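I opened my notebook to look up a few things in one structure.

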Amino acid sequence: MHILVTAGPTREALDPVRFLSNRSSGKMGFAIAAAAVGRGHTVTLVSGPVALTPPDGVSYVPVESAQDMFVAVKAQVPDCDVLIMAAAVADWRPTQVSEQKLKKSSMDGMLSLERTPDILASVQALKGSRVYVGFAAETQSVEAEARRKLNDKGLDLIVANDVSRDDAGFGVDTNVATLIARNGEAESLPLMSKADLAEAILDRIEALRRS
Ligand code: C5P
């Protein structure tokens, strides 16, 4: 299969030196890309800025902003069988990007923000028989929020994780996740390495492709 994976945060520029972003390290998306290559799949990895080396064998597309990631994903979806959106896409960006570094004296302490494109929602029309997988990083009502996103974003599978735990989510090498399928079936997985969780996610995707 051709698997398109997104990873990492996005950066939303305010001026040439400042940006809004989040704590995503890219480790989960990179682990999925590495596991998929290991299984013999063709992998394209679209990633925001991270301090990781792309796994051998992936086609790597580095991007910076949510808009860049949207353009890259839209261009790649037609060629893929599976889209796994592991990226922590910034939800908001500054309304205006200054070409010059903003002066402290010219700022009034207020930031004007606008929504970034919802990448998964924007590629719904291209879905066809493709398998779409999303992530839900939550700090409360984890499963309920994940089920809502699964439905709202028209996904086949969502990986829900509680990022309020120290041993799960952003930055660390381990994760605790519940895999929820479109038919409502949920599988709660124990604490495991992101490499092992990547294998569990791919097992589910391969089963969905066979069914
Ligand atoms: O709504 P929320 O951001 O929590 O949804 C998370 C899922 O949606 C992730 O799979 C993420 O990659 C994706 N997403 C997206 N475009 C956005 C924000 C999130 O595709 N602008």
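Entry 1, surface. I am working with a predicted model. I looked up the accessible surface of the protein chain first, and it comes to about 10500 Å². Carbon and sulfur atoms hold 49% of that surface.

I looked up the secondary structure and found 5 helices and 14 strands in the protein chain. I then asked how the radius of gyration compares with the globule rule for 211 residues. The radius of gyration is 17 Å and the rule gives 17 Å, so the chain is as compact as a globular protein of that length. I noted the box filled by the C-alpha atoms as well: roughly 60 × 35 × 30 Å along the principal axes.

I checked what share of the 211 residues count as buried, and the value is 45%. For contacts I took those with a separation of 6 or more, and 59% of them join residues 24 or more positions apart.

Rolling a probe the size of a water molecule over the atoms shows where empty space is left. I looked up the largest pocket and wrote down about 940 Å³ of space. Its lining has 40 residues, and those nearest the centre are Ala87, Ala88, Val89, Phe135 and Ala137. Next I listed the elements that give two or more residues to this lining: helices H1 (27-38), H3 (119-122) and H4 (142-152), and strands S9 (131-138) and S10 (157-162). Which element gives the largest share of the lining? I found that S9 does, with 5 residues. By type, I recorded 18 nonpolar, 12 polar and 10 charged residues in the lining of the largest pocket.

I picked Ser65 and looked up where it sits: in the loop between strand S5 (59-62) and helix H2 (66-76). Is Ser65 buried or exposed? Its relative accessible area is 15%, and buried means under 20%, so I put Ser65 down as buried. Leaving out residues up to four places away in sequence, I found that Ser65 touches Thr10, Arg11 and Glu12.

Definitions and conventions:
Residues numbered from 1 in each chain as written. Predicted model: local features only at pLDDT ≥ 70, side-chain atom pairs only at ≥ 80, totals over all residues. Heavy atoms only, no water. Helix = DSSP H or I, 4+ residues; strand = E, 2+ residues; numbered from the N terminus. Buried < 20%, exposed > 50% of the residue type's maximum accessible area, 1.4 Å probe, protein only. Contact = heavy atoms within 4.5 Å. 1 Å grid on protein atoms, 1.4 Å probe; cavity = no way out; pocket = protein on both sides within 12 Å on 5 of 7 lines; lining within 4 Å. Points joined across faces, edges and corners; volume = space filled by probe spheres on them. Nonpolar A, V, L, I, M, F, W, Y, C, P; charged D, E, K, R; others polar. Rg over C-alpha atoms; globule rule 2.2 N^0.38 Å. Areas by Shrake-Rupley, 256 points an atom, 1.4 Å probe, with all protein chains shown as cover.
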